[in-house]
Structures are given as C-alpha cells and as structure tokens.
Amino acid sequence: MAIKPTLTLNLSFSISFFTLISVYSHQSDLDATECAGRWIHIRNLPAQFNLDLLSNCSDFPLYDDFCPFLSNHGLGQKTHNRTHSWYRTDPSMLELIFHRRILDYPCLTSDPAAASAVFLPYYAGIDAIRYLYGPDLNSSFEHGLSLFQFLKSHDSPEIWARNSGHDHFLVMARPAWDFSQPLANDPPIWGTSFLELPEFYNVTALTLESRAWPWQEQAIPYPTSFHPPNPALLESWLRRARQSRRTTLMLFAGGGGVSASPNIRRSIRMECQNSSSANSSADNGGYAKLCEFVDCSNGVCEHDPIRFMKPMLQASFCLQPPGDTPTRRSTFDSIVAGCIPVFFEDQSAKAQYGWHLPENQYGEFSVFIPKEDVVFKGLRILDVLMGISRAEIRRMRERVLESMPRIIYRKHGSSVGLRSKKDAFDVAVEGVLRRIKSRLQEVSAH
C-alpha cells in the first residue's frame, strides 16, 4: 500500500525532532555562572501533546491543510531553491519553531529543581484546531484538561506542585481570544476555554496577540518569512532595505474594506483609489505613487512573501489597520522591509509587544493616526504622512531597521556570530525569565 506524502513528511519530521531532543535537550553550552538565573527545564510531554498532533495536518475540511508548512521544523518550504533565508512560513507554526529553537538554548537543565523556568512543549494552537474546526467543537471547554491531569498527577507531579505552575510557560500560536471562551457559554461559540481554566491561571502564555488584562499573557511577534542562518545574510538584507528606492509614499497590503459600513480599511481603500488621480511627481512630493494597494484577500499573500515584500521595499510607510483582531503579521513584514509602520489603534502593537518593541520608543519608528479621526472626522492619511520631512523619514526608517533583528526568528542551528544578536526568541525567553522571577517573588511574599 502506498504511503501518503503527508504521512511520510510527518514521520521524517518526528524522527528528526526526537533525535534532536535526545541529543540536545538538557545540555548546556555555558558554565553554571553564566547560566545563573537562566536555567530552563523542558517538560517531557508525551507525543500526544505535540508531535502526534502533526499527523492530522490534512484532516480538517474547514481548515487549510498545514502539512506543507511543517518542513524545516516549522519554517515551511523555501520560497525558491537558491535561498538560505526565505521560507513560506505560516504563523501557526510558531509552536514548532519555538520548540526547535529552545533545543539550541545554552542553559538547559535536566533538573527541574534547578530551573528558573519550565517550558511546556505543547502545541496548543494546533491542538485547538479540532475544537475550532473539527469534531470536538462542542467540547471546547475540555481543551487543556488532559495536559493538566498529566502535569498534576502522572509525570513527576512534584514539578508542578513546587510552584503551582507559576514557573511554567508555553507558546500558543494564535491570538489569546481564540483560547478565551468563557466556561459558562452554552452552547459554545468561537474559541476554546484553555486560558479560562483556573488550572492554568498561573502559567505564562506567549501568544500572537494578548488581551489587555490577564497578567499571564504576553504577545510575541508573528513569525515572518525571513529566517537568516548567519550574520552575512542578515547584513546583506539590511543593506538592501537601506538602499532600496522608496518611490511610493504609503502602501496597504491586506484585504477587507469592501463593505458599505464605515471602517478604517474602507477609508484606506477609498483614499488610495482617489490618490491615483494625482499623477505628477511634483504634486506627489517627489513620489511616483502616493498610495499602492496590494490585494491580499482570501489569504493569497500568506505564504508568498514575494507578492508583498517587493512593494514594501519601495514604500516609505506601510499602513497597519486592525482587522478581525487588532494585530497583524504585516506589521513585522513591514519592519523587515524597512517600511515605517502606521498604526491606527494602540492595541495593534504598542500595547502588545512591549518586550520586543518598547512602548516608549514607538514615536521613533512608527506613526500613529487615530482611526476615528480618519473614519469619522475626514482626516486624510496622506496629509499626515506628506507632512513628515524626508530627513525624519530617513531617521525613522533607520530605527525600524535597527529594531528588525529583535522581531525576526533566525533559523535554528544558526552560526555562532548570529547568535550574538538577540532575535525574537531570545527576547521572549529573557522576558519569560524576568516575569517568572517577579511572579515567584510576589507569591513568596504573601
């Protein structure tokens, strides 16, 4: 009997991952002094909580087949054969990417009692698919319960009991809202109830987008398609972004805005269409185009960075309006391209990614325009952006590019030289260690 290609892919992926875990897990590259306060223990979860979930990658009719994005440990397939940095990365694979990267972390310990933090390699977002799109829709309140029972009762329960989960953390590669359905909802509506379970209130959850109030949630950057393996490729891309001719004032890459009801995406579309009538370079402040719209409706841009990256390299500003949720992967794509992000509400980034993009620095690398002023008060985005001098634009672009290494996920197994530059993974782990240390001090004081 022939073996399905997806099954072959998942089998080879699992074998290579298990091999890496056995070889690298719980080894440290540094001595005890350098790792003080940085030790991390990886819980040994059964495969049902991570790698076994990948075998169902094509089994959900209402959800896209994610089998192609499992390759290269979650980075996806290369955009073309000759590249060493660009991949067709799906954001929902962040759990795999993080799991693979933590195996390279220099301060792993096999002794949970010596650890400053304990990592749960649970693929929560992938496991959530069966509750969101599959047969377990009406059982969404059960999401996470089997994991909790395993941690509390079956596998060295003293590890969990030591700090009641306060020292544990995990990655959830979806917005927190997808895990925040109230337990009392009957019948269930959208989402699972993982983050509403009292059993997990103490665990630090790294999500693609967080809510404003729960202390344990922290948003970390969406993975882009750029994963350089060495400093030369990173610096080569930075040079290209710095030297790129910016012939377009502003760009919007996305969908939506076609309804008749007032909203920020509709206002952007209308302003972009109207700007095409002004076609002289003098009227445009020296730009060949005032606005470019890259239609990414129906997900056509999600795994094709070439479709939007070239236009972004040619634009000075990239508009980042909220959609179904406040945040967008496009924010991080634009930073990679050196395109200055323009936000329309604080929840789109400023109130989300404080570890990676500190709140007090947003004015240095981004523009904020309240969406209400655009939608209801007639403020033109073009007027605001045309009022920013070329010198200020250059300064802001440089700050964007300076921040870029901190928001990308470099390739696993990258060179020693590149490891000296903190990337999104490094910043996230440092933030987790700080938060857990602070939380444990608070708990011990009461």
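The dialogue below concerns aromatic rings in this predicted model.

Student: How many aromatic pairs does a search of the whole structure find?

Tutor: The search finds 20 aromatic pairs. To classify a pair, one reads the angle between the ring planes: under 30 degrees counts as stacked, and over 60 as edge-to-face. Y122 and F194 are stacked, with 25 degrees between the planes and 6.1 Å from centre to centre.

Student: Why does the pair of Y122 and F194 tie together parts that are apart in sequence?

Tutor: One looks at where each residue lies. Y122 belongs to the loop between strand 2 (117-119) and helix 3 (124-132), whereas F194 belongs to the loop between strand 3 (168-175) and strand 4 (204-209), so the pair joins parts 72 residues apart in sequence. Both Y122 and F194 are buried.

Student: Which pair is edge-to-face, with 75 degrees between the planes?

Tutor: That pair is F148 and F200, whose centres are 6.0 Å apart. F148 is in helix 4 (residues 145-154) and F200 in the loop between strand 3 and strand 4, so this pair links distant parts of the chain, 52 residues apart. F148 and F200 are both buried.

Student: Which residues do ring pairs link into a cluster?

Tutor: The cluster comprises F49, Y122, F148, F150, W160, F194 and F200.

Student: Where does the charged end of R390 sit?

Tutor: The charged end of R390 sits over the ring of Y287, 4.2 Å from its centre. The charged end of R439 sits over the ring of W215, 4.2 Å from that ring's centre.

Methods:
Residues are numbered from 1 along each chain as its sequence is written. This is a predicted model: local features need pLDDT of at least 70, side-chain atom pairs count only at pLDDT 80 or more; totals for chains, interfaces and linings use all residues. Side-chain values use heavy atoms; hydrogens and water are left out. Rings of Phe, Tyr and Trp (its six-membered ring) pair if their centres lie within 6.5 Å; planes under 30 degrees apart count as stacked, over 60 as edge-to-face and the rest as tilted. Helices (H or I, at least four residues) and strands (E, at least two) are DSSP runs, numbered from the N terminus. Buried means under 20% relative accessible area, exposed over 50%, partly exposed in between (1.4 Å probe, protein chains only). A charge sits over a ring if NZ of Lys or CZ of Arg is within 6 Å of the ring centre and within 35 degrees of the ring normal.
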